[in-house]
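Dear colleague,

My notes on its helix packing, aromatic pairs and confidence follow it.

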Amino acid sequence: MTKDLNYYRNIGIFAHVDAGKTTTTERILKLTGKIHKIGEVHEGAATTDFMEQEQERGITIQSAATSCFWRDHQLNIIDTPGHVDFTIEVYRSLKVLDGGIGVFCGSGGVEPQSETNWRYANDSKVARIIYINKLDRTGADFFRVTQQVDEILAAKPLVMVLPIGIENDFCGVVDLLTEKAWIWDNSGDPMKYTVEDVPEDMKEQVAEYREMLIETAIEQDDTLMEKYLEGEELTIDEIKFCIRKGTRDLAFFPTYCGSSFKNKGVQLVLDAVIDYLPNPMEVKPQPEVDLEGKETGNYAIVDVEKPLRALAFKIMDDRFGALTFTRIYSGKIAKGDTVLNTATGKTERISRLVEMHADSREEVESAQAGDIIAIVGMKNVQTGHTLCDPKLPATLEPMVFPDPVISVAISPKKKGENEKMALAISKMVQEDPSFYMETDKESGETIIKGMGELHLDIKVDILKRTHGIEVEVGKPQVAYRESITKVVKDTYVHKKQSGGSGQFAKIDYSIEPGEPGSGFQFTSKVTGGNVPREFWPAVQKGFESSVKKGVLAGYPCVDLTVNLTDGSFHPVDSSAIAFEIAARAAYRQTVPKAGPQLLEPIMNVDVFTPEDYMGDVIGDINRRRGMIKSQNSTPMGARIKADIPLSEMFGYIGDLRTMTSGRGQFSMEFGHYAPAPSNIAEEVIKEVKERQASS
């Protein structure tokens, strides 16, 4: 049975940590009849926060996918985390969604993390509606937050409802389209509301905002605009048609308000999801790429009859086994089918398909284009892999994940648990593409790497609780890089004669600094066959494998260009291996002459602080070698944006809380690499050498 995709909405809920995303999801599940007792985040009982760590910290770490129904439409909802160390979850969720609900706090407004998430959503061109939550909070101000959306996010909020009352007196909303007031009683039951006429004292304001709403919406359709300008009354369906088009084209964002905690206002948000967010067929189809990642010009069209194209966007290990969350873009998939994973080139058989409802599940026989489904027990699939029809293979545009910026050494407290720990970590690495593990060759230590302190804290916590392994954690280490500052021309000859055939390779080359972010580049300008063309890849390989280890402290060497200019070869003794050895030795010979320098990761830090503590916070940022880029005052406090070296950010959350009496908060993400000051570089190099000597 083919499903009607007009009745599908694949949506995500995203926002700053603590704006009420998970509570909002809970209310949606309650209203759509999925759960009967509402779990509260602050009591650690929310349905979608089913990891112990989530319940304890009151934050969502993993995106949980769940399905429910509203007005005969199926909503596939992904609840995403708000904390910056988990933005990878937001990013990969947005990749597979067709629409989103951006939740903002009525008193906190547009907070640092909301900005990052909003930027990701813009990059993925996801249509959104805005929901301003917590209007029952002290300091809540609906109009101030809509202004911030406009100014900070450069997004156009289309106000669809007006709040009735504010803070303690908040009791409902006026729907501007129907000009009706929805008023809830104080029982906390979302179904206990009445629909009434607009309160007398709001009529003027409602008329003014309704006119603004219509005038913005009708810009989407010339015929309706003419009709309106000629003084004709537009029907609600005609206005909705314009709003739907503008929302899909990201011209504006329908904006609602309420209090999820008090169960007020959520129904109108659900109606908006159905009325204005796109169904899977209305979204730009996913481009297909070849094995090199270049677009082929073909697209995965949302159609059951087309070949299978599906993207694995999340791997989760739970008590039922490994789950691979998959978005099907075209074709269909059924139990017993064999699918090809284009990343590994291997086929796998689908044994079980399940539809998720947070941590419970319903088995299904098949799924089709537009569905978000979990496949049980896949072996070699990782996040970002494409599953497709083995007879008609194609790859969907893969996800790109940032490199980790922080690492710690860990070892099990109990002897003999090394293997158990390695197994547990490798499962976690499969689930989270921004989390890495490696073994230090010199010391034999297990090193885990991630996006920030909290990220690694949570991983250690999961090891302890989920896998029962207690670990010792070393001091956090920063992922430094090395680079060069000068151009050096040089020559290297590799000669080896020891009975039998010898080895000979001579290369003339220059090494020069590349553009920041360019990585390693190799060019060959050899003419006349002095170094035969078949040996060029060997020279490139020799240099490329060498840059993994810099000459100062062994960190990867980046942003350098090697030009092979000339050389010579021996008809018998020259070989690819001889030229590769020559290139490796040339790297060690020349890079020390090229002004090597240490680069450190600089983080984009966004700090919120009450005004009273602003001086202390700025002074502290300066002490951490921070460069302040901007500072803005808001009614709630000040926001400071700065570039700060990661090495200075350890333990910052504790210091910030102490400075601001617990009221400050911050988010950070990797910005770029920059040269470390010489005194810092000397310290780092000395520390690395001491570590190597002791191991």
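**Helix 12 and helix 13**

Helix 12 and helix 13 cross in a right-handed manner (a crossing is left-handed if the near helix is turned anticlockwise from the far one by less than a right angle, and right-handed if clockwise). The model is a predicted one, in which local features need pLDDT of at least 70 and side-chain atom pairs count only at pLDDT 80 or more, while totals for chains, interfaces and linings use all residues. Residues are numbered from 1 along each chain as its sequence is written, and side-chain values use heavy atoms, with hydrogens and water left out.

The axes of helix 12 (residues 536-546) and helix 13 (residues 576-590) come within 7 Å and cross at roughly 40°. Axes here are lines fitted to C-alpha atoms, for helices over the stretch in contact, with angles from 0 to 180 degrees between N-to-C directions. Helices (H or I, at least four residues) and strands (E, at least two) are DSSP runs, numbered from the N terminus. Helix 12 and helix 13 are therefore oblique to each other; angles under 35 degrees count as roughly parallel, over 145 as roughly antiparallel, 65 to 115 as roughly perpendicular and the rest as oblique.

In helix 12, the residues that meet helix 13 include Phe-543, and those of helix 13 include Phe-579 and Tyr-587. The residues of this contact (heavy atoms within 4.5 Å) divide into eight nonpolar, three polar and three charged. Ala, Val, Leu, Ile, Met, Phe, Trp, Tyr, Cys and Pro count as nonpolar, Asp, Glu, Lys and Arg as charged, and the others, Gly among them, as polar.

**Two further helix pairs**

The axes of helix 10 (residues 418-431) and helix 11 (residues 453-465) come within 11 Å, crossing at roughly 130°. That makes helix 10 oblique to helix 11, and their crossing is right-handed. Ala-424, Ile-425 and Met-428 of helix 10 meet Lys-459, Ile-462 and Leu-463 of helix 11.

Helix 8 (residues 236-248) packs against helix 9 (residues 266-276) at about 80°, with the axes 9 Å apart, and the two are therefore roughly perpendicular. The residues of their contact comprise three nonpolar, one polar and four charged.

**Aromatic pairs**

The whole structure holds 13 aromatic pairs (rings of Phe, Tyr and Trp, its six-membered ring, with centres within 6.5 Å; planes under 30 degrees apart count as stacked, over 60 as edge-to-face and the rest as tilted). Trp-182 and Tyr-193 form a stacked pair, 5.0 Å centre to centre with 15° between the planes.

**Confidence**

The chain averages a pLDDT (the predictor's confidence in each residue, from 0 to 100) of 86, and 89% of the residues score at least 70. Over residues 34-63 the pLDDT is below 50.

Yours sincerely
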